[in-house]
Amino acid sequence: MEDSLRTGISFGLTSAVITTLGLMVGLQSGTHSKIVVLAGILTIAIADAFSDALGIHVSKEAENKHTTRQIWAATISTFLAKFLFALTFVVPVILFTLSTAIIISLIWGLSILSILSYIIAKSQSEPPWKIVGEHLMIATVVIGITHWVGDWLGKLSA
C-alpha cells in the first residue's frame, strides 16, 4: 500500500477509535443521554474528520518532501477513515440501550485498534504484544480519564 494511504488510514482509524470512544464514554457518564451521545459521534465524524485531514495535509506539506498527489492521498484517506469509522459507532447506539451500546463500542473499537496495531507490529518485525499493549494502554487511559471527567461534570450539574 502506498505510504500516503497507509498514513491516512492508520491515523484516521486510530483517531476515530480513541476520540469517538473517549467522547462516547465521557458523554454517557456525564449525561446518560442517547441523543447527546449520538450528537457527539456525528460531531466527531464530521468536524474531527475534517480537522484531522487538514492536520495531516499541513503536516505533509511542512515536511516538504511529498508530491501534491501524495499529500492529497494522505488527506483524503485520513478524512474517509476517520469519518466512516466514527460513523460505525452510531449503529450500536441506535440498536441497543446506551449502556449496552457503550460496551459493544468499546469491544468494537479496541478490537480494531488491536488488529491495526498487530499489523503495524508485524510490518516492523516488532513483538506484537508490545505494540498492541502500548496502543491499548493509551486508549484505556483516554477512556478512563473521559469517564472520570464525565462523572465529575454529571455531579456538578445534579
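Trainee: Let's take leucine 98. Is it buried or exposed?
Mentor: Leucine 98 is buried, because its relative accessible area is 10% and the cut-off for buried is under 20%. Keep in mind that this is a predicted model.

Trainee: Where does leucine 98 sit?
Mentor: In helix H5, which covers residues 98-123.

Trainee: And what is leucine 98 in contact with, leaving aside its neighbours within four places in sequence?
Mentor: Gln28, His32, Ser33, Lys34, Val37 and Val93. One of those, histidine 32, is found in the loop between helix H1 (3-31) and helix H2 (34-63).

Trainee: Is histidine 32 buried or exposed?
Mentor: Histidine 32 counts as exposed, at 57% relative accessibility. Its backbone deserves a look too: phi is near 55°, a positive value in a residue other than glycine.

Trainee: Which other residue has phi near 55°?
Mentor: Asparagine 64 has a positive phi near 55°, and asparagine 64 is not a glycine either. Asparagine 64 is found in the loop between H2 and H3, and it counts as exposed at 70% relative accessibility.

Trainee: Which helix holds alanine 81?
Mentor: Helix H3. Alanine 81 is buried, with a relative accessible area of 13%.

Trainee: What does alanine 81 contact, leaving aside its neighbours within four places in sequence?
Mentor: Gly8, Ile9, Gly12, Leu13 and Ala86. For a distance in another direction, the C-alpha atoms of alanine 81 and glycine 133 are separated by 22 Å, and the two residues are 52 apart along the chain.

Trainee: Staying in H3, where is threonine 75?
Mentor: Threonine 75 lies in helix H3, residues 68-88. At 8% relative accessibility, threonine 75 counts as buried.

Trainee: Which residues is threonine 75 in contact with, leaving aside its neighbours within four places in sequence?
Mentor: Ala53, Ile56 and His57.

Trainee: Now H5 again. What about isoleucine 112: buried or exposed?
Mentor: Isoleucine 112 is buried, because its relative accessible area is 19% and the limit is under 20%. Isoleucine 112 lies in helix H5.

Trainee: What does isoleucine 112 touch, not counting residues up to four places away in sequence?
Mentor: Val17 and Phe85. Between isoleucine 112 and phenylalanine 85, the C-alpha distance is 9.9 Å, for a separation of 27 residues in sequence.

Trainee: And threonine 100?
Mentor: Threonine 100 is found in helix H5 as well. It is partly exposed, with a relative accessible area of 33%. Its C-alpha lies 18 Å from that of glycine 150, a residue 50 places away in sequence.

Trainee: Let's step back. How many helices and strands does the protein have?
Mentor: Six helices and zero strands. Along the sequence the pattern reads α-α-α-α-α-α. The radius of gyration is 17 Å, close to the 15 Å that the globule rule gives for 158 residues, so the protein is as compact as a globular protein of that length.

Trainee: What box do the C-alpha atoms fill?
Mentor: Roughly 55 × 35 × 30 Å, taken along the principal axes.

Trainee: What share of the residues counts as buried?
Mentor: 40% of the 158 residues. As for contacts with a separation of 6 or more, 72% come from residues 24 or more positions apart.

Trainee: And the surface?
Mentor: The accessible surface comes to about 8700 Å², and carbon and sulfur atoms account for 72% of that.

Trainee: Last one: how many positive and negative side chains are there?
Mentor: There are 9 positive and 9 negative side chains, and the centres of the two sets lie 5 Å apart.

Note on methods
Residues numbered from 1 in each chain as written. Predicted model: local features only at pLDDT ≥ 70, side-chain atom pairs only at ≥ 80, totals over all residues. Heavy atoms only, no water. Helix = DSSP H or I, 4+ residues; strand = E, 2+ residues; numbered from the N terminus. Rg over C-alpha atoms; globule rule 2.2 N^0.38 Å. Buried < 20%, exposed > 50% of the residue type's maximum accessible area, 1.4 Å probe, protein only. Contact = heavy atoms within 4.5 Å. Areas by Shrake-Rupley, 256 points an atom, 1.4 Å probe, with all protein chains shown as cover. Lys, Arg positive; Asp, Glu negative; His and termini not counted. Charge placed at Lys NZ, Arg CZ, Asp CG, Glu CD.
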